[in-house]
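Opened the model this morning and went through it with a few things to look up. Notes below, in the order I took them.

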Amino acid sequence: MDFTVALAQIKPKLGCLDDNMALAEAAIEKGIAAGADLVVFPELALTGYFLKDLVPEVALSLDSPQIQRLKKLSERISIAIGFVEVSSDFRFFNSAVYLEAGEIRHVHRKVYLPTYGLFDEQRYMARGERFRAFDTRFGRVGMLICEDMWHLSAPYILAMDGAMTLICLSSSPGRGVSESEGLGSAAAWQKLTSTSAMFLNCRVFYCNRVGYEDGINFWGGSEAISPSGEVTDRGALLEEDFVLAKVDGGALRRERIFSPMMRDENLAITVKELKRIDKEKDC
Amino acid sequence: MAGLTVNTNLLRRILVGFVRDEVHKVGVKKGVLGLSGGIDSALVAYIAAEALGPENLYAYCMPYRTSNPESEAHARLVAESLGINFKVIEITPMIDAYFDLVPDADNMRRGNKMARERMTILYDHSAAVGGLVLGTSNKTELLLGYGTLHGDMASALNPIGDIYKSQVWELSEAMGVPHEVIEKKPSADLWAGQTDEQELGFTYREADQLLYRMVDQRMSREELIAAGFDAQFIDNVARKVQGSHFKRRLPIIAKVSNRTIDRDFRYARDWGK
């Protein structure tokens, strides 16, 4: 099935839920008007990134009016969007929700909360405990939030769980200006998304935000990557953008015929060896 | 210079975007800066003029009677090349009035007082024109502590605080800062013939090579020696970095409550923006 994905490369305002809801709703309407079937937002699109002590103040429960509004909009377009989720036992998660046909299809809670360099997520947020693929009208999908993608096991698990589309929501700070053409962080991400697509015979939709928070820039460069690892569409660097990528449904089938690595992937060996390693580590 | 050479197009985009975004999000259109005639403030003027528009940038040259007249000429040259607002405000009357009261003050006290006098003028003009004060300290001098706390180190935002002096030179070339300004010897201009490098005892290029490896690449002392750096030079620079760390931090607060500002009361400055 061919379809169109919109990557909403927005510039959220730090800690301003209402403003960011308005941004998101405008982008959703734009996606609908452009005939997109799915709109993907960055990580923490509804809140901004360096929240620190603001985390509890901007957190939403899944039955909050904001999520209800997005649910309603998802009757017209599928939506993947990042926000701070508060659970009934008052844990706060860096979450992404996938909404379709007026329903919540899946919530992914970021598992790998970085706490090195300029990052400090796990100080403020609780860690997710699972990677699960889920069914959508575009086939089986897996969601990852930024740092999750840097752990090889995460996209692997999703792919083994049947995901053929990986959606990565990101708030990646730009750093590493050197002699080379692009930013260090952008170059590293581009390698990663393309390699993951190639290894797992999956298409990848990567949506990264832009703007500055306390002097730290977010570099944008959202992209749609085909299952062969080729970038079909890429958003502007460091500027707001709205990428409309036409997805060739047949490319996935053809890639899986040419390079049937996922067909041949041996889950039993992987599980056996991982169990052994885990057991040996205990000793 | 391995590792220090930068893609100036990209750097320029990030820094121009930074000034535009961080000034505009406060609800302000204008910027204010001190233009000394030196390269750092010239580069910030070039970045800010591109970010905010030359009509929104207010530059002030604030000479003391012992300042080199060439400095004012260079500041004027930069302002005129950019078409930014420019004014000369002499600080001699204020400085001399104060030091008449404390005539025994040494050069360091005098230099610090001048830097702080200039800071008060910039902040006054920040209120007068409704613009944010732009910092002009580069990474090399911030790390070495070669600046006056609450003086030239004071600002609302600083576009060049994460780039080394060598990179300031490189970006200035790329952005078209006048050659006279790029090529002259860096000087605090407190007295005739003073140069930074003479006072520091090493060149900025030497310091940058070391700082880049020490700070950015986190090379150990042993690795730095193996890479050819002199042990005494390493220790001297390391001492300066550590000894001046207080200048790069906010005042420390005695903790007594459960939520102390900055310790466990943590918000980004761009909170709500």
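Predicted model: local features only at pLDDT ≥ 70, side-chain atom pairs only at ≥ 80, totals over all residues.

For packing, I call two residues in contact if their C-beta atoms, placed from the backbone, lie within 7 Å. Helices (H or I, at least four residues) and strands (E, at least two) are DSSP runs, numbered from the N terminus. Residues are numbered from 1 along each chain as its sequence is written, and chains are lettered from A, ligands numbered from 1, in the order in which they are written.

Chain A, overall. I find nine helices and 14 strands there. The C-alpha trace of chain A spans about 50 × 50 × 45 Å along its principal axes. Of contacts in chain A between residues at least 6 apart in sequence, 67% join residues at least 24 apart.

Helix H10 of chain B, residues 204–216. What do its buried residues pack against? I get helices H6 (139–144), H7 (165–175), H9 (196–200), H11 (221–226) and H12 (231–243) of chain B. Buried here takes 20 or more other C-beta atoms within 10 Å of the residue's own; 12 or fewer is exposed, and in between is partly exposed. The buried set of H10(B) includes Tyr204(B), Asp208(B) and Arg213(B). Just after H10(B), Arg218(B) takes a positive phi of about 55°.

Met94(B). I place Met94(B) in helix H4 (residues 92–101) of chain B. Met94(B) counts as partly exposed because it has 17 C-beta neighbours inside 10 Å. Tyr64(B) is 30 residues from Met94(B) in sequence and 9.6 Å away in space, C-alpha to C-alpha.
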